[in-house]
Amino acid sequence: MSDNEHDDATGSDGEESGGDEPTFEAAEYADGTVTYPPHTVSPNGAERVGTVDLREHEARVITWTTSTATPPGVREPNTLAIVEFEMGDEYDGPPVRALGQIAEREDDSGKSFDVDIGDRVEPVYADELREPGAGIREPESQDWDGFRFRPVE
């Protein structure tokens, strides 16, 4: 299940897989469990042994909401979902879940895809999840990229 071996305590593997797109990294542990976000040890105390790229897994929407009062620099309205990744029949650990924005439609409307509980989604990379110049943080103080979820046909 591991994509590559973990090489430091920060959670970084030092390289990106699959070319120039960043990985959606979860941690894999010696007891077979997987967590997102990655941690140094599993919830059961097992040592981290590798990573799993969640881009390779579909997920199902557990719940979702649309915020119409968003912080500066965040699209409005902003649809968010908690999703649970499908880790395969062999996986016997706790659910692997993530919270993220729903991707925008590709029709230039600026609207997010519609989702419902149980819908299948896949992670898609976004250069900016929010506008770096908005708000009180210096744009260089953090990364603004990440993953959104897009419905799977």
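Guide: Buried means under 20% relative accessible area, exposed means over 50%, and partly exposed lies in between, with a 1.4 Å probe and protein chains only. Arg97, for instance, is partly exposed, with a relative accessible area of 42%. This is a predicted model, in which local features need pLDDT of at least 70 and side-chain atom pairs count only at pLDDT 80 or more, while totals for chains, interfaces and linings use all residues. Residues are numbered from 1 along each chain as its sequence is written, and side-chain values use heavy atoms, leaving out hydrogens and water.

Visitor: In what order do the five strands of the open sheet lie?

Guide: Strands of a sheet pair through backbone hydrogen bonds, either parallel or antiparallel. Strands are DSSP runs (E, at least two residues), and helices are runs of H or I with at least four; both are numbered from the N terminus. Two strands pair if DSSP finds at least two bridges between them. Here the order is E6-E5-E4-E7-E8, with antiparallel pairing. Strand E6 (97–101) and strand E8 (146–151) are the edges, each pairing on one side only. From one strand to the next, the twist averages 35°, an angle on a scale from 0 to 180 degrees between the N-to-C directions of lines fitted to C-alpha atoms.

Visitor: How many bridges join E4 and E7?

Guide: Strand E4 (residues 59–67) and strand E7 (residues 120–126) pair over two bridges. In E7, Arg120 stands opposite Arg60.

Visitor: Which residues have the most contacts inside the largest nonpolar core?

Guide: A nonpolar core is a set of buried Ala, Val, Leu, Ile, Met, Phe, Trp, Tyr and Cys residues joined through side-chain atoms within 4.5 Å. The largest one has 19 residues, and Leu54, Val83, Phe85, Met87 and Phe149 have the most contacts inside it. At least two residues come from each of E4, strand E5 (78–85) and E8. E5 gives the most, with three residues. For single residues, contact means heavy atoms within 4.5 Å. Leaving aside residues up to four places away in sequence, Phe149 touches several residues, among them Phe24, Val83, Phe85, Leu99 and Val121.

Visitor: How many salt bridges does a search of the whole structure find?

Guide: A salt bridge is a side-chain nitrogen of Lys or Arg within 4 Å of a carboxyl oxygen of Asp or Glu. The search finds nine. One of them joins Glu25 and Arg48, whose closest N and O atoms are 3.0 Å apart. Glu25 lies in strand E1 (residues 25–29) and Arg48 in strand E3, so this pair ties together parts that are 23 residues apart in sequence.

Visitor: Is Arg48 buried or exposed?

Guide: Arg48 counts as buried, at 10% relative accessibility.

Visitor: Which residue forms a salt bridge with Arg75?

Guide: The partner of Arg75 is Glu104, with the closest N and O atoms 3.7 Å apart. Arg75 is in the loop between E4 and E5 and Glu104 in the loop between E6 and E7, 29 residues apart. Arg75 counts as buried at 14% relative accessibility, whereas Glu104 is partly exposed at 33%.

Visitor: Which residue pairs with Glu84 in a salt bridge?

Guide: Glu84 pairs with Arg97, the closest N and O atoms being 2.9 Å apart. Glu84 is in strand E5 and Arg97 in strand E6, 13 residues apart. Glu84 is partly exposed, with a relative accessible area of 24%. Elsewhere, salt bridges that share partners join Glu106, Glu122 and Arg150 into one network.
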